[in-house]
Number of protein chains: 2
Amino acid sequence: MPKISDKGRQMPASPIRKLVPYADKAKKEGVTVYHLNIGQPDIPTPESMIRAMHELDQVVIEYSHSAGMLSCRRKMCEYYQKHGIKVDPEDIIIGAGASEAILFGVMTCLNPGDEIIIPEPFYANYNGFAMTAGVKVKPIPSSIETGFALPPIEEFEKAITPATKAIMVCNPNNPTGYLYSAEELEVLRQIVKKYDLYLFADEVYREFCYDGSKHHSVMNLEGIEDNVVLFDSVSKRYSACGIRIGAMISRNREVMQTALKFAQARLSPPSLGQIAAEAAMDTPDTYFEGIIAEYLARRNTVVEALSKIEGVICPSPKGAFYVTPRLPIDDSDRYCQWLLEDFRYDNQTVMLAPATGFYATPGAGKKEVRISYVLSVEKLRKAMKCIEMSLKVYPGRTA
Amino acid sequence: MPKISDKGRQMPASPIRKLVPYADKAKKEGVTVYHLNIGQPDIPTPESMIRAMHELDQVVIEYSHSAGMLSCRRKMCEYYQKHGIKVDPEDIIIGAGASEAILFGVMTCLNPGDEIIIPEPFYANYNGFAMTAGVKVKPIPSSIETGFALPPIEEFEKAITPATKAIMVCNPNNPTGYLYSAEELEVLRQIVKKYDLYLFADEVYREFCYDGSKHHSVMNLEGIEDNVVLFDSVSKRYSACGIRIGAMISRNREVMQTALKFAQARLSPPSLGQIAAEAAMDTPDTYFEGIIAEYLARRNTVVEALSKIEGVICPSPKGAFYVTPRLPIDDSDRYCQWLLEDFRYDNQTVMLAPATGFYATPGAGKKEVRISYVLSVEKLRKAMKCIEMSLKVYPGRTA
């Protein structure tokens, strides 16, 4: 039997996926499992998107342009214009989700062996894309003590080597929910300019900002227009994760022309998803108002409940739909598995994501979990009660 | 401005794409351009697929399983069963088109620097996937004199080095339409077994076989079950290229478990496409009977017309919807551009794919073009007339 590749052997398995069989077993036993482990929102997909499918009038569902349908890219430009970001259709390549867009960006800009600096904890799948491209992730620590704010400029400078080619941020952040301020973006701007690095930014949670705070896009940082590559998602924004429509966006023409060659090699992004995405972008702003209010209530429910538990530290993040609290536990992988295997409260339990998967530094994240608040306030209350009760009896409880 | 990657610089641009501006210009001038350059069939997408979208009843369009919806993979198994191929849902990972599936396969099985032997001419985008994975393509020649049959076993053995990890075939072939016989597959089986290589097979045109000939799948080659990886497409088969649903299939569990990690890193294949694909697989066999008859008539139209032209050699391939004739021309890139820029017959011209893009050997394919017979017989007649007339006046005509 021929050997698989070294990349294949080293490709990280998701720590969440390892828990799936335990969750399945619990459910088979009739236990209610609250899924706070993934970013699959329960918010209904906008009616306009479903209607676009109901009214589909194509005779042949054809390939689209490799960069995506021009009509869809134009709609995206209108959307960005509303958010104060000026881009042309030529600045956009539509991908099968932000995932594919990120892969295009990494393949286009970085050579195997190059390094990319990412504040950790960070979205676990960045590891997968880096592995695919043969690129090395250099994590720099953000800390729960500052609510996971951007690490100070010295941390970036310490991590920079001749192999450093890019900095990647996720704003608002997955898994911490942290929203970077204008001042923090200015820090990024300076360091990117000084060392002439790429600045990759994953802004798929742009709309999800709370407490009156404002999102600042890397696309509006002056003087580094050729360095900035934005990754975005339509599917995530409109609670239609399955349509797989994301985008890579940059004003750097050489980057976009090169990325297009990777896009052409796979011919076309999904056409049905693009038709739905185009319809989605006509969704009125009021759609988000209701959703933001709902997520805010959810965040408050989670943060308030967790903050009352002895030994738990939970920042109140201003964005996305994630929090990453610190718990009084020995090992988050062990704790999350134990919740599914051995813990029941009123025949209920919770599925959480161990934060270890969001750190590149070995051993980091053992006391943290990621909670996606993608369930109703009522369910979240019950789930938080489960966490509270579980920490009273978890055998690996620490001070 | 930061430098783009070496891969980006070396990533081949599609020779067809270079022609698009010339085709657009001709069309703007009111010229009828017959598009024989891409494999985008004009056959209507089955009604069942459109209906599945019209009847979409999801409230939230969610991520599917990273390997694809279980119901869709089960339907695929039924489909393969009908074709005499026994596979389980666990043997299947659904990708965003066969393109993504091929990338998963290459990333899973080959290390950067490893070599993959591919008879040329071959589907141009294999170059892109190899480049992405850092893998080296070693072409071995198939020849128009034998109708592009499988190269003899000695050619494979000459090309094998310690770095050789896989052989890739496309059957029926894109761009030649050649359908491999049972004997040719036996040659592949022997060499794969002898050197313990992976055998990658792209069988997306399985249904498109003519003259009563039968398709033989690599999945039924005995004794190399762990070596075989099949790439397939639902979108292509059912003339729904835009849904982007393909698959990577293997009975090698280690390969599939590893490929799943790459699939998990991008979360999910397109859900809407999977719903349409599942509906497609209920299409009755009679659907293909009509289509095969239509393609056969088209192939005959093209082959007969081309064979009558002095200096043209055109095999009559038994599969897919492509032919790659040899023309009395100096340079297929130049000829194809000239057709769009300078040649008009009755205010019509044709867009063809220069075969140079289907060869990895520098300079090869200069006298060949790929013709996709994806238009009606009537249009193909007119297009062939254009080619005939063009060869009388093309300045780079050779003997």
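Domain bounds, as used here, come from an automatic or database domain assignment. In the predicted model examined here, that assignment divides chain A into domain 1, which comprises residues 6-44 together with 286-393, and domain 2, which comprises residues 64-280. The C-alpha centres of domain 1 of chain A and domain 2 of chain A are separated by 25 Å.

The interface between these two domains of chain A involves 36 residues of domain 1 in contact with 37 residues of domain 2. Between them, domain 1 of chain A and domain 2 of chain A bury about 3,100 Å², of which 63% lies on carbon and sulfur atoms. On the side of domain 1 of chain A, the residues that lose the most area to domain 2 of chain A are F288(A), K318(A) and F358(A), which together account for 20% of what that side buries.

Polar and charged interactions also cross this interface. Between domain 1 of chain A and domain 2 of chain A, 14 residue pairs are found in polar contact, with both residues at pLDDT 80 or more, and the count of salt bridges between the two domains is three. In terms of secondary structure, at least two residues of the side of domain 1 of chain A that touches domain 2 of chain A are supplied by each of α1 (6-10), α12 (286-307) and β9 (322-323) of chain A. The largest share of that side of domain 1, seven residues, is contributed by α12(A). A salt bridge is also formed by D211(A) with R299(A), whose closest N and O atoms are 2.8 Å apart.

Aromatic rings were examined as pairs whose centres lie within 6.5 Å, and by this rule 42 aromatic pairs are counted over all chains. The rings of F122(A) and Y126(A) are classed as stacked, because their centres are 6.0 Å apart and their planes meet at 15°, an angle that falls under the 30 degrees required for stacking. Both F122(A) and Y126(A) are buried. In chain B, by contrast of class, the rings of F321(B) and Y322(B) form a tilted pair, since their centres are 5.1 Å apart and their planes lie at 50°. F321(B) counts as buried because its relative accessibility is 0%, and Y322(B), with a relative accessible area of 1%, is likewise buried.

In chain A, ring pairs also link a set of aromatic residues into a cluster, which consists of Y205(A), F208(A), Y238(A), Y287(A), F288(A), Y295(A), F321(A), Y322(A) and Y373(A). Within this cluster, F288(A) is also one of the residues of domain 1 of chain A that lose the most area to domain 2 of chain A.

How values were computed:
Residues are numbered from 1 along each chain as its sequence is written. Chains are lettered from A and ligands numbered from 1 in the order in which they are written. This is a predicted model: local features need pLDDT of at least 70, side-chain atom pairs count only at pLDDT 80 or more; totals for chains, interfaces and linings use all residues. Side-chain values use heavy atoms; hydrogens and water are left out. Rings of Phe, Tyr and Trp (its six-membered ring) pair if their centres lie within 6.5 Å; planes under 30 degrees apart count as stacked, over 60 as edge-to-face and the rest as tilted. Buried means under 20% relative accessible area, exposed over 50%, partly exposed in between (1.4 Å probe, protein chains only). Contact means heavy atoms within 4.5 Å. Buried area is the accessible area (1.4 Å probe) that two parts lose on being put together, summed over both. A salt bridge is a side-chain nitrogen of Lys or Arg within 4 Å of a carboxyl oxygen of Asp or Glu. A polar contact is a pair of N or O atoms within 3.5 Å; within protein, one must be able to donate a hydrogen and the other to accept it, and residues adjacent in sequence count only if both atoms are side-chain atoms. Helices (H or I, at least four residues) and strands (E, at least two) are DSSP runs, numbered from the N terminus.
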